[in-house]
Amino acid sequence: EAQNDSIFQHKIMDDFKVKKVVLFREDELAVYLSMKRAEKTGLYMTHSYPKELKIRVDPAAFQIFINNYRDTFRCRYKSTLRAQDTFLVSYEQLVDESFALDILPKLWKFLGVASDFPMKPLRETIKQADPGEDISSAIENYSELEFCFRHTDVKHFKIRKDMQEVLPGPTLLDAAAEVPSSHHSEIPRPMTKVESSVPASWSILLPICSRFKQGILRSNQSKNQDSASNPEFNANRFHDLSVASQHQSLDELEENHVSRDCWRRLESFAASLRRTCSSDPLTNTECVVGIDVDDPVFRGQQSRIAAMIPCDVKFVDIQKTMYGRVCRIWNHLGKHSKNDFIVLFGDDVVLKDEGWRSQVVAKFQEISVKTGLPLGAACVALNDESFPGFPTFPVVHRWHIDKFDTILPRQFVNQGGDPYLYELYSRFDAAAFLPSCRLSNTIGGDHEARYKKHEINWKGQILRLNLMHLKE
């Protein structure tokens, strides 16, 4: 297949006259374990594995395998007329005693073969491992692996969860239970009911700047190339990011009407905040506003900004070394926040639904009651209409900052922070979207941003290490 990709695709997969029987295995963990056993022993197919053999499974490597495995069988081996020209048979069906009665007649009909045609089992269909084996006993670090995947749709872990089996290894609740009673005040207690008598306090993290979309800036980047060598910009491996993140002069901004648009965006955000919180007073809300130290529009305009935003405002300087590094800016603003619920916004956001804060608080309480986790061990994402289905604007709790001493790991630059937070808590079934809390993101989101995007691979070691820390 690898050497004849075009033949495979066009002569086989796209040709509806070619009948295709696709063999796969439902238990992805069993597939991966079998592959690793074979690699370690050199024994393939018809040989049995040593009973004492144990395999260490790296969670990140297993996740990569799952992604590739699913892409192969769900996309690559999916023909246009799959319902007519493809027959799927799982390994689990093939080795089951009922195969001859339930599956084989359908297969013969699909192939146009007489139903009385004798079936001869191949040696390859005989399991190498003990058929009654609990594969958890063959995995050296099963507790770690189960912790990482227990709330996913990986079949092995989904079955165990459905059966409500209690597996080895502490959970968040176990960690809380192991703390001496004299120290329990340091860990928020699990909720048993929705408490509404104490108003929730909020910190809105709001970095604002007059930097506009990359498309607007490109025509002026050549003018700024020399200044990128300025050590204040830390222009090393982020050279392009530093160049793209420099401010234009006020004259250039006025010429492009950017200055006017900057104030209009901020006014729109402030108006939407006021409108969507009219029935929910902003007395327990602060807005932590970050302003670039040399921003030609907003620098020195603190009084005007404070008068515009309908809650307490705290101003924080954004140094040049942070320009374009939105994730690090969020961490910086987060260190200056003081309230319970923390939401990450931008000045290009327009909130649309009344009472979104109370809905978020209720969802956090619901998650705590449902999972038994401490109140705050969760992530709730608002509904970004400009990037549907993506957790662009997550809300976290003070509990998260107390646990990690930051909002995001230091490796994040300006991409991936929001899905990371959502994925981190989804492993505990403690992440949720709120479709009824809508907003629009007029510049960022899935569109061109105001900075050069810098991706990192957070789904491997970064996620694994922080899941382990969350488990402690």
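## The model and how to read it

This is a predicted model, in which local features need pLDDT of at least 70 and side-chain atom pairs count only at pLDDT 80 or more, while totals for chains, interfaces and linings use all residues. Residues are numbered from 1 along each chain as its sequence is written, and side-chain values use heavy atoms, with hydrogens and water left out.

## Overall picture

The protein has 20 helices and ten strands. Both kinds of element are DSSP runs numbered from the N terminus, with helices (H or I) of at least four residues and strands (E) of at least two. Of the 472 residues, 49% count as buried; that term means under 20% relative accessible area, with exposed meaning over 50% and partly exposed in between (1.4 Å probe, protein chains only).

The accessible surface of the protein is about 23900 Å², and carbon and sulfur atoms hold 52% of that surface. Such areas come from the Shrake-Rupley method with a 1.4 Å probe, and for residues only the protein chains shown count as cover. Among contacts (heavy atoms within 4.5 Å) with a separation of 6 or more, 79% link residues 24 or more positions apart.

## The nonpolar cores

A nonpolar core here is a set of buried Ala, Val, Leu, Ile, Met, Phe, Trp, Tyr and Cys residues joined through side-chain atoms within 4.5 Å. The largest one holds 105 residues, and Phe62, Phe345, Trp356 and Tyr425 touch the most other members. Helix H14 (residues 258-276) supplies the largest share of this core, seven residues. There is also a second, separate core of eight residues, with Phe87, Val89, Ile103 and Phe110 among them.

Phe62 deserves a look of its own. Leaving aside its neighbours within four places in sequence, Phe62 is in contact with Glu28, Leu29, Tyr32, Val57, Leu145, Phe149, Val154 and Phe157.

## Helix H3 and its partners

Helix H3 (residues 59-76) packs against helix H8 (residues 142-149) at an angle of about 50°, and their axes are 10 Å apart. Axes are lines fitted to C-alpha atoms, for helices over the stretch in contact, and angles run from 0 to 180 degrees between N-to-C directions. H3 and H8 are therefore oblique to each other; angles under 35 degrees count as roughly parallel, over 145 as roughly antiparallel, 65 to 115 as roughly perpendicular and the rest as oblique. The crossing of this pair is right-handed, a term used when the near helix is turned clockwise from the far one by less than a right angle, with anticlockwise giving left-handed. On the H3 side, Pro59, Phe62, Gln63 and Ile66 meet Glu144, Leu145, Cys148 and Phe149 of H8.

H3 also meets helix H2 (residues 28-41): their axes come within 11 Å and cross at roughly 115°. That makes H2 roughly perpendicular to H3, and their crossing is right-handed. Here Glu28, Leu29, Val31, Tyr32 and Met35 of H2 meet Ala61, Phe62, Phe65, Ile66, Tyr69 and Arg70 of H3.

Helix H19 (residues 417-426) and helix H20 (residues 461-471) have axes that come within 10 Å and cross at roughly 50°. That makes H19 oblique to H20, and H19 passes H20 in a right-handed crossing. Tyr420, Glu423, Leu424 and Tyr425 of H19 make the contact with Ile462, Leu463, Asn466, Leu467 and Leu470 of H20.

Helix H16 (residues 326-335) is mostly covered, with seven of its ten residues buried. These are Val326, Cys327, Ile329, Trp330, Asn331, Leu333 and Gly334. They pack against strands E3 (202-208), E4 (285-292), E5 (312-318) and E6 (341-344), as well as helix H18 (398-404) and H19.

Val258, in helix H14, is buried at 2% relative accessible area. The C-alpha atoms of Val258 and Val297 are separated by 9.2 Å, although the two are 39 residues apart along the chain. Trp399 lies in helix H18 and is buried at 9% relative accessibility.

Asp405 is not a glycine, yet has a positive phi of about 65°. Asp405 sits in the loop between H18 and H19 and is exposed, with a relative accessible area of 56%. Asp429 also has a positive phi, near 60°. This residue is in the loop between H19 and strand E10 (431-441) and counts as partly exposed at 31% relative accessibility.
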